[in-house]
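The structure comes before the text.

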Amino acid sequence: MLYINCPHCGMRSQNEFSYGGDASVKRPELNKEVSDQEWDDFVYNRKSLRGKHLELWQHISGCRQWIKVERDTATHEIFRTFKADEEVA
Amino acid sequence: MQKYSIFNLVKNAFSNHENWDLAWKDPTPKEEYDVVIIGGGGHGLATAYYLAKEHNITKVAIIEKGWIGGGNVGRNTTIIRSNYMHDENGLFSEFGMDLWRKMSQDLNYNVMFSPRGIINLAHSDAQMNAYARRGNSMRLNGIDAVLLNREQVKEIIPMADFSENVRFPIFGGLMQPSAGTARHDAVAWGYARQADYMGVDIIQNCEVIGFDVSAGKIKGIRTSRGNIKAKKVGLCVAGSTNILAEKLNMTLPIETHLLQACVSEPVKPVLDSVVTFGAGHFYVSQSDKGEMVMGGDLDGYNSYAQRGNLPTLQHVLTEGIAMMPFLSKLKMLRTWGGIMDMSMDGSPIIDKTHIEGLYLNCGWCYGGFKATPASGWTFAHTIAQDRVHELNAGYSLNRFRTGNLIDEKGLGTKTWIS
């Protein structure tokens, strides 16, 4: 069982959360020419790192906010959690 | 190589079975190979076997970080089927079914292929319609499919819950009678033994730490046991694909996820086909030892852990108990997890890459085991001829960019779409 520290609600079990994938992926900017490769990278291509991975989760059975979680994909250890709009240093 | 036969079995009995040949050798890596296959799992071993058998290329090495057959070919639920709707998947898998039927003879190794049939249960009229459509598509591709009504399903699996007042009543099902199971480890060992016999070097405990690429062409690999030159390199590393892709500066439409399976304590024969729950993701069969072999959804987040968490297991088994209530009486014997190369459309990739001489085989999602022979056969063709075979032409790497996705079930990296 993973325990995720929701920045809005505190420590909750993974059952309350839904996974949203790699948080480092950036949507191409609007109002500019976007190449097929850029769309491809945004929609499909993922690094899927082994080790520290910054990812999105939604507290779907709680505050329903999207949050960022820094987690180790090899050990399942969770290091830090952030609000969705928080910059991660 | 000593043939495995009743006569050799009797002959070796006189010397207490102490004089059998080794099934495969333990060679030190040579300086150079024509083809290096990275990954000594089912697909890698099959690829090496078909390179030697179909294309007469025997200066081949299989490089394996751990031991052969220690990854997903040793961790799956052994289901073999070709019940796909889309042409790309159907024709590819049905080609594989033919290889499965001949495999024990072909490899002189009993892989215990047991075509016991698979039944996908339907729980609504709409689902019956969808299954009728898929069944018709299968039959157009020469794959056997039978649409069963409720009574027909009841005859085959009377132990399922056929009561009226359940949340997901059984309306019927789609059956592929020629589908089945096989002894997974034997598949890896059988391919390894024949490949070794034909001259392939199986190099275990050898980790790939880098690639030598110059002028857009592969020159060789760097490993924990030294550098190896290679004219061609094939990647067959399933859940480790992203790790090697990073060393090649490639970003792939693949995420690595965790998939669990489990077996119950052994019980007397009760289930003689493979059954899947249609209102979720759960499947079950009974092994020859009597264990109920069960599996279902991904854990749902990127993982390289090869071990799972309980919430998913609980969710999956809840579905199982809804389908076959007697499962709740059984004790769990083992659970385990493997790391899957989940592609974004749920279909695999067998293709060339932008690097000349580098070939990619990945994205097997939930269905890598049954694809072992067809994957090896087509990947060997792709490597040997430097062009894709028509059977794997649809499994291209650039289909995500061009929009030619093969969305068989839409079951890629995200479990909650299902």
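How many residues does helix H4 of chain B have, and what does the helix reach from its first C-alpha to its last? Helix H4 (residues 125–140) of chain B has 16 residues and reaches 23 Å, close to the 22 Å expected at 1.5 Å a residue; the expected span is 1.5 Å times one less than the number of residues. Helices (H or I, at least four residues) and strands (E, at least two) are DSSP runs, numbered from the N terminus.

This is a predicted model, in which local features need pLDDT of at least 70, side-chain atom pairs count only at pLDDT 80 or more, and totals for chains, interfaces and linings use all residues. Residues are numbered from 1 along each chain as written, chains are lettered from A in the order written, and side-chain values use heavy atoms, without hydrogens and water.

Among the buried residues of H4(B) are B:Met128, B:Tyr131 and B:Met138. Buried means under 20% relative accessible area, exposed over 50%, and partly exposed in between (1.4 Å probe, protein chains only). The cover over the buried residues of H4(B) includes strands E4 (118–122), E5 (146–149) and E6 (172–176) of chain B, with contact meaning heavy atoms within 4.5 Å. After H4(B) comes B:Gly142, with a positive phi near 80°.

Chain A gives 24 residues to the contact with chain B, and chain B gives 25 residues. About 2200 Å² is buried between chain A and chain B, 53% of it on carbon and sulfur atoms; buried area is the accessible area (1.4 Å probe) that two parts lose on being put together, summed over both. On the chain A side, A:Tyr19, A:Tyr44 and A:Ser48 lose the most area, together 27% of what that side buries.

The rule finds 2 salt bridges across this interface, a salt bridge being a side-chain nitrogen of Lys or Arg within 4 Å of a carboxyl oxygen of Asp or Glu. Over all chains the count comes to 22 salt bridges. Some of them are listed here.

| Salt bridge | Closest N to O |
|---|---|
| A:Lys32 and A:Glu38 | 3.3 Å |
| B:Lys30 and B:Asp201 | 2.9 Å |
| B:Asp106 and B:Lys53 | 3.5 Å |

B:Lys30 lies in the loop between helix H1 (6–13) and strand E1 (32–38) of chain B and B:Asp201 in strand E8 (residues 201–203) of chain B, so the pair ties together parts 171 residues apart in sequence. B:Lys30 is partly exposed at 42% relative accessibility, while B:Asp201 is buried at 8%.
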